[in-house]
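Subject: Structure handover

Hi,

Here is the structure we talked about. Please load it, then read the notes below alongside it.

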Amino acid sequence: MHVTAIIAAGGRGQRFGGAQPKVLVAVGGRPILERSVMALLTHPAIDALVVALPQALIDSPPAYLRSAGAFALGGSGKALRMVAGGGRRQDSVANAFRVTEAHTDIIVIHDAARPFASAELIANTIAAAAESGAALAAVQARDTVKRASPDQGPAGAGRDVTGSSVSGFSRTVAETLDRATIFLAQTPQAFRRDVLRQALEIAERDGLDASDEAALVERAGFPVRLVDGETSNIKITTPADLPIAEAIARSATDRSAKAFALQGVDKRGVSSDNEGFSSWEREGVGGSERESVSFSEREGFSRAAPARTGRAGTGYDLHRLVAGRRLVLGGVTIPFDRGGLGHSDADVICHAVTDAIFGAACLGDIGRHFPDSDPRWKDASSLDLLARAVALAAEHGFEVGNVDVTVVLEAPKIRDHVDAMRTAVAQAIGIDAARVSIKGKTNEGVDAVGRGEAIAAHAIALIRAIPRIQK
């Protein structure tokens with residue numbers, strides 16, 4: 001199944017204001033657009049990406065977008081294209097749709113202003129669209145929903161920028177809706193290519209205007225499946241949304257910092273010993289809440305049971321290099337005249353890391369879970385296998401802290417592709433790229449690897465029990 005993603009970033013963000021497009025604003029130290037682009041570009045289920053942008057950004061793209069292009073075109077083998085956006089969102093999507101490949105099966109559409117969509121949400125939406133033809137992420141309304149009556153304000157009443165009466169409330173409740181039937185639409189939204197094509201053609205023919213593609217598909221007569229959305233998948237619309245977005249970004253960073261508490265280091269990088277157990281502070285969207293949790297409480301330490309101080313696992317993989325195969329390392333296709341011979345894509349980096357995670361969790365090895373006798377894994381993406389290994393470890397109560405990989409090969413040199421590989425592996429694991437180390441070594445002409453006949457990788461992964469915090 002070939003999947004192409006479209007990011008709608010052609011608008012200016014008038015409600016946000018400011019001197020620059022809102023998608024260029026940084027949240028948690030990274031521009032909104034960069035977060036959205038990399039979430040889709042590095043997703044193992046997505047094969048190509050089209051970004052609809054203002055012409056000025058296409059003419060002079062920011063550095064991270066140029067880096068994303070290098071990651072796609074020169075590394076992962078994925079296609080990345082930029083097209084000019086239109087006056088409306090649906091115009092931007094239509095422009096992007098026109099450059100998608102005819103053999104594309106599924107089109108995923110995502111708002112650039114939603115930088116926190118998880119890999120799981122993207123995958124679930126794609127799967128639902130593949131089954132039903134159209135799907136969108138949505139969250140069920142939590143509050144009681146009221147439909148307002150037409151504006152009853154006095155003639156000539158002033159209006160603020162939101163359209164509300166300046167002198168007071170000017171509307172009354174027409175009815176109360178059943179919130180069990182109310183869902184708030186998000187993106188990603190995904191469609192079979194033929195379904196979206198027909199919807200866009202009908203919209204253009206009949207002059208239809210809609211706030212999202214799902215509405216156009218509905219009007220074209222196709223059913224649209226609802227996929228459980230995520231409350232953290234917010235759309236950044238006005239400056240008032242930025243504190244919430246910062247809190248979500250900070251929460252992800254804090255979770256990574258907490259994960260390393262097992263090493264005796266708190267989120268400020270301050271070492272703690274058994275004489276002075278540190279506590280950590282959890283900061284949520286609603287404010288700051290301190291949890292005083294001692295080291296022994298976190299790790300389940302007692303005289304009756306050993307401390308859960310984390311686990312380390314090692315992994316190793318080797319593949320012959322043969323003509324006619326792509327050389328895939330860390331999910332990135334490296335230009336070379338030979339590639340690894342294997343049942344899947346023969347990615348030694350991902351295979352070594354997968355084995356290291358399985359080893360640390362005492363779950364066997366990669367051959368046990370993804371045997372080469374199973375046709376499901378024929379030419380499979382090893383990034384996908386790695387993500388499955390991480391999910392399996394999580395089912396057994398473990399999360400990954402960091403990984404370190406040494407690739408042993410004579411040629412080609414991988415230094416120019418290391419950052420792209422770290423990003424892809426980190427995305428598959430669900431950690432920050434700063435927690436993924438990849439480095440290359442040669443074997444100095446010794447054995448099959450040294451003669452350039454094979455490629456190998458050694459990996460170590462640190463995992464720990466997912467903390468259960470008692471308040």
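One definition before the findings: the expected span of a helix is 1.5 Å times one less than its number of residues. Keep in mind that this is a predicted model.

Helix α10

α10 covers residues 348-360, so its 13 residues should span 18 Å at 1.5 Å a residue. The C-alpha atoms at its ends are 18 Å apart, which agrees.

Is α10 mostly covered or mostly open? Mostly covered: 12 of its 13 residues are buried. Among the buried ones are Val348, Cys350, His351, Asp355 and Phe358.

Both ends have a detail to look at. At the start, a side-chain oxygen of Asp347 comes to within 3.1 Å of the backbone nitrogen of Ile349. Just after the helix, Cys362 has a positive phi of about 55°.

The sheet

There is an open sheet of 7 strands with mixed pairing. The order is β5-β4-β1-β6-β10-β7-β11. β5 (79-84) and β11 (225-228) are the edge strands; each has a single partner, so one side of each lacks a neighbour in the sheet. On average, neighbouring strands are turned by 25° against each other, direction ignored.

Look at β6 (residues 106-111) and β10 (residues 183-192). They pair in the antiparallel sense over 4 bridges. Val108 sits opposite Ala190 of β10.

What packs on the sheet there, touching β6 and β10? Helix α6, residues 193-206. Its direction makes about 110° with that of β10.

Best wishes

Key
Residues numbered from 1 in each chain as written. Predicted model: local features only at pLDDT ≥ 70, side-chain atom pairs only at ≥ 80, totals over all residues. Heavy atoms only, no water. Pairing = 2+ DSSP bridges. Helix = DSSP H or I, 4+ residues; strand = E, 2+ residues; numbered from the N terminus. Axes fitted to C-alpha atoms, helices over the stretch in contact; angles between N-to-C directions. Contact = heavy atoms within 4.5 Å. Buried < 20%, exposed > 50% of the residue type's maximum accessible area, 1.4 Å probe, protein only. Polar contact = N/O pair within 3.5 Å; in protein donor to acceptor, adjacent residues only side chain to side chain.
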